[in-house]
Amino acid sequence: MIVLPPRVHVVATEWLAALMEKAAPDFVIDGYPEYATEVAQLDNDQRYMLYRAASAVVRSFGEQTHVSAVFIVGHADTANKIALHQRAGFEMEVSVKRSVAAAAALRKEMNRLSENAHFTKVLPIRTRGAGSSRKRVQIANTEHDMRKNRRVEITFAYTTEPSPHCGN
Amino acid sequence: MIRVILSDPLVSIGRTDVYLAITRMVQGFFDRVSARLPASDRIQVLFPPGGFQATDLDIIVYFTPTDISVVANLTKESIDPLTKSHWGWTASERPGAGASPPTLRRASEVYPRMIDADVLAKLAFHEAMHNKLRQGQELHAGGGLASAGVGSDKSLTDINVAAMAAAMKTPVKQYPEGFEFLRQARLRRDAGDPMWNR
């Protein structure tokens, strides 16, 4: 678990992104059909995983240690149907789109679960694409294995609030 | 009828059940205060979803995210949220020429750093005490919900109740304009303005 000093995410975005990219993800949503980027294109189990991630964020705000930033990395499988010279760029584009779409879906679900609470509107969600550089199955010959590679990884950073006290 | 108005224009809490729980708990605290007043001086706690009007007998407590401060808006102080760790604050506007404390407006706010109805209700009562008793740090010596640390381990004491009962009929000018200040900030935030809290 990454626990940050209060509000460090506001001033140290790149440092935070580098830190979170190295951490084990809290949630992995995989199973994207080939080149699909939207959460709506996933099956029920994977969409439920997004719901669980949103629910975890919202529930955390009932605790003194709560989520203070979310980092989403999109991943692609090898795009075998794309010409070799265009492949890396295409894979990067797909992975970025996956991360951005997952962020939007996560924000929407957090808003719904929290009844549009302020913290879900301003919670920083950073996105990044990794192309096919970090495949879970290096040699994916089956659709099942390929779908393991087509994924987004969601990592949380936490902040611990001070004990309740008055400022007067 | 004296009213304690809780207001959260920026939806810093969100969940309906938490609003209801906070209202119920704060009403419970003030029911003990009411019991020491004449029957005609009932105290009603309400959490209106929209705007409101307030008399000088009412108390307004705003719930705001830490990014923005109604109290700072009233007192014209600049606040750096990076340096603040408190959960609530009450202050009066700065005196101008000829203004005396009874005519100065007073504002109270609670920051929901954690969505916990019990803690937020106690903080709301604590800030209401600062507001109505016109006290700063000296309030904290009173113990119970007057203590500086207002966690779930603190309870309303008879001393707290007696202090508030003695002050409830004393007019304290409030700052209802804080609602519009926060509502405008909400509009800017929802429009995507990165400077929404400035």
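Chain B holds an open sheet of 5 strands in the order E2-E1-E3-E5-E4, with mixed pairing; two strands pair when DSSP finds at least two bridges between them. Helices (H or I, at least four residues) and strands (E, at least two) are DSSP runs, numbered from the N terminus. Welcome to a predicted model, in which local features need pLDDT of at least 70, side-chain atom pairs count only at pLDDT 80 or more, and totals for chains, interfaces and linings use all residues. Residues are numbered from 1 along each chain as its sequence is written, while chains are lettered from A and ligands numbered from 1 in the order in which they are written.

**The sheet of chain B and its helices**

- At the edges of the sheet sit E2 (43–46) and E4 (88–92) of chain B, each pairing on one side only.
- From one strand to the next, the twist averages 20°; axes are lines fitted to C-alpha atoms, for helices over the stretch in contact, and angles run from 0 to 180 degrees between N-to-C directions.
- Over 5 bridges, E4(B) pairs with E5(B) (residues 106–110) in the antiparallel sense.
- Helix H1 of chain B (residues 16–34) lies across E1 (2–7) and E2 of chain B, and runs at about 170° to E2(B).
- Helix H3 of chain B (residues 117–133) also packs on the sheet, where it touches E1, E3 (59–63), E4 and E5 of chain B; its direction makes about 165° with that of E5(B).

**A closer look at B:Glu109**

- B:Glu109 belongs to strand E5 of chain B, and B:Trp89 stands opposite it.
- B:Glu109 counts as buried, with 31 C-beta neighbours inside 10 Å; the cut-offs are 20 or more other C-beta atoms within 10 Å for buried, 12 or fewer for exposed, and partly exposed in between, with C-beta atoms placed from the backbone.
- Beyond its neighbours within four places in sequence, B:Glu109 has contacts that include B:Val61, B:Tyr62, B:Val71, B:Trp89 and B:Glu127; a contact requires C-beta atoms, placed from the backbone, to lie within 7 Å.
- B:Ala128 is 19 residues from B:Glu109 in sequence, and their C-alpha atoms are 9.0 Å apart.

**Backbone angles worth a glance**

- Most residues other than glycine have a negative phi, and most peptide bonds are trans.
- B:Val11, in the loop between E1 and H1 of chain B, is not a glycine but has a positive phi of about 55°; B:Val11 is buried, with 21 other C-beta atoms within 10 Å.
- B:Arg134, in the loop between H3 and H4 (158–167) of chain B, is not a glycine and has a positive phi of about 55°; B:Arg134 is partly exposed, with 16 other C-beta atoms within 10 Å.

- Chain A has 6 helices and 5 strands, following the pattern β-α-α-β-α-β-α-α-β-α-β along the sequence.
- Of the 168 residues of chain A, 40% count as buried.
- Helix H4 of chain A (residues 84–114) has 31 residues and should span 45 Å at 1.5 Å a residue, which agrees with its end C-alpha atoms being 45 Å apart; the expected span is 1.5 Å times one less than the number of residues.
- Between the chains, 19 residues of chain A are in contact with 32 residues of chain B.
- The chain A side of this contact divides into 5 nonpolar, 9 polar and 5 charged residues; Ala, Val, Leu, Ile, Met, Phe, Trp, Tyr, Cys and Pro count as nonpolar, Asp, Glu, Lys and Arg as charged, and the others, Gly among them, as polar.

Notes
Contact = placed C-beta atoms within 7 Å.
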